[in-house]
Each structure stands twice: as structure tokens, then as C-alpha cells.
Amino acid sequence: MNYTIGQVAAMHHLSISQLRYYDNKGLFPFLKRTEKGDRVFDEDALKFLEIILCLKHTGMPIKDIKQFVDWSMSGNHSSPQRLEMMRQHEITVLQQIRDAEENLKKIQQKIVRIESEMN
């Protein structure tokens with residue numbers, strides 16, 4: 001099944017302009033176009049978009065996502081580079097989780113203090 005950019009934007013809670021921006025940055029070289037030039041997302045494109053959005057939401061810069069996309073489009077010979085990039089990003093995301101957990105503890109401690117002051 002094929003989807004328009006508007007349908008994909010709605011599915012992923014994005015704006016059409018965000019998707020166009022990502023396309024203009026070279027993140028969607030796999031997209032097909034209609035005769036009128038409209039972008040068309042098929043099932044494979046949606047799966048690729050999901051990993052792109054995952055990387056974006058976890059803080060990977062657009063230029064690094066583009067590098068990952070370029071390596072992915074170039075074939076299996078780039079697997080070692082992609083694997084290393086994903087391993088490094090995993091380390092980054094795990095640190096973000098640890099940082100968020102520390103911040104959550106501080107927030108919870110503050111809640112306890114405020115509640116005790118109120119009683």
C-alpha cells in the first residue's frame with residue numbers, strides 16, 4: 001500500500017513541512033514520486049522512516065542520520081559502519097536514560113519534601 005505525505009504526517013504526528021524538511025536534507029532517497037512529483041511512501045519507506053524518527057527522537061543529529069541513510073542505501077558492505085554508529089548511539093541513549101533517572105529521583109525527592117511541608 002502507498003501513502004501520501006499527508007497520511008504519513010498524520011500517522012506519525014508530524015507536519016508535512018517536517019517531512020519535506022527531512023526529505024530536503026536527504027533522509028528519504030528511497031521515496032518514490034508520482035508523475036506530478038508528489039512523494040509516495042510504501043511499506044518499506046514507512047519502516048525506514050520509523051528508524052529515522054527513532055534516531056531523531058533519541059538525539060542523533062540530522063547529519064549523522066543522513067550518514068546512516070547513505071550507508072544503508074549503499075548496501076551490505078557498509079554494515080560495519082552502521083553497526084558501529086548504532087553501538088555508539090546506544091551508549092548515548094543509555095546515558096540519557098541514566099541522566100533522566102537521576103533527574104526523576106531529584107524530582108521525586110522534591111515532591112516528598114513539599115508534601116511533608118504541607119502536612
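Predicted model: local features only at pLDDT ≥ 70, side-chain atom pairs only at ≥ 80, totals over all residues.
**Ile 111**

Ile 111 sits in helix H5.

**Another pair in H5**

I took Glu 102 and Lys 105 next. They form a salt bridge, and the closest N and O atoms are 3.5 Å apart. The two residues are three apart in helix H5, which means a separation of about one helical turn. I noted the general rule that an α-helix has 3.6 residues a turn, so residues three or four places apart point the same way. Glu 102 is partly exposed at 40% relative accessible area, and Lys 105 is partly exposed at 46%.

**Other salt bridges**

I found seven salt bridges in the structure. One of them joins Arg 39 to Asp 23, with 2.5 Å between the closest N and O atoms. Arg 39 belongs to strand E3 and Asp 23 to helix H2, so this pair ties together parts 16 residues apart in sequence. I checked burial for this pair: Arg 39 and Asp 23 are both buried. I also traced a network of salt bridges that links Asp 23, Arg 33 and Arg 39.

Asp 38 bridges to Lys 36, where the closest N and O atoms are 3.9 Å apart. Here I read 39% relative accessibility for Asp 38, which is partly exposed, and 73% for Lys 36, which is exposed.

**Helix H3**

I turned to H3, residues 43-57. Its 15 residues reach 21 Å from first C-alpha to last, close to the 21 Å expected. At its start, I saw a side-chain oxygen of Asp 42 within 3.2 Å of the backbone nitrogen of Asp 44. Just after the helix, Gly 59 has a positive phi of about 95°.

I listed the buried residues of H3 as Ala 45, Leu 46, Phe 48, Leu 49, Ile 52, Leu 53 and Leu 55. Their cover includes strands E1 and E3 and helices H1, H2, H4 and H5.

**Ser 78**

My last entry is Ser 78, in the loop between H4 and H5. Ser 78 is buried, at 2% relative accessible area. Its side chain reaches the backbone oxygen of Trp 71 at 2.5 Å. With neighbours within four places in sequence set aside, I found Ser 78 in contact with Trp 71 and Ser 72.

Conventions: Residues numbered from 1 in each chain as written. Heavy atoms only, no water. Helix = DSSP H or I, 4+ residues; strand = E, 2+ residues; numbered from the N terminus. Expected span 1.5 Å × (residues − 1). Buried < 20%, exposed > 50% of the residue type's maximum accessible area, 1.4 Å probe, protein only. Contact = heavy atoms within 4.5 Å. Polar contact = N/O pair within 3.5 Å; in protein donor to acceptor, adjacent residues only side chain to side chain. Salt bridge = Lys/Arg side-chain N within 4 Å of Asp/Glu carboxyl O.
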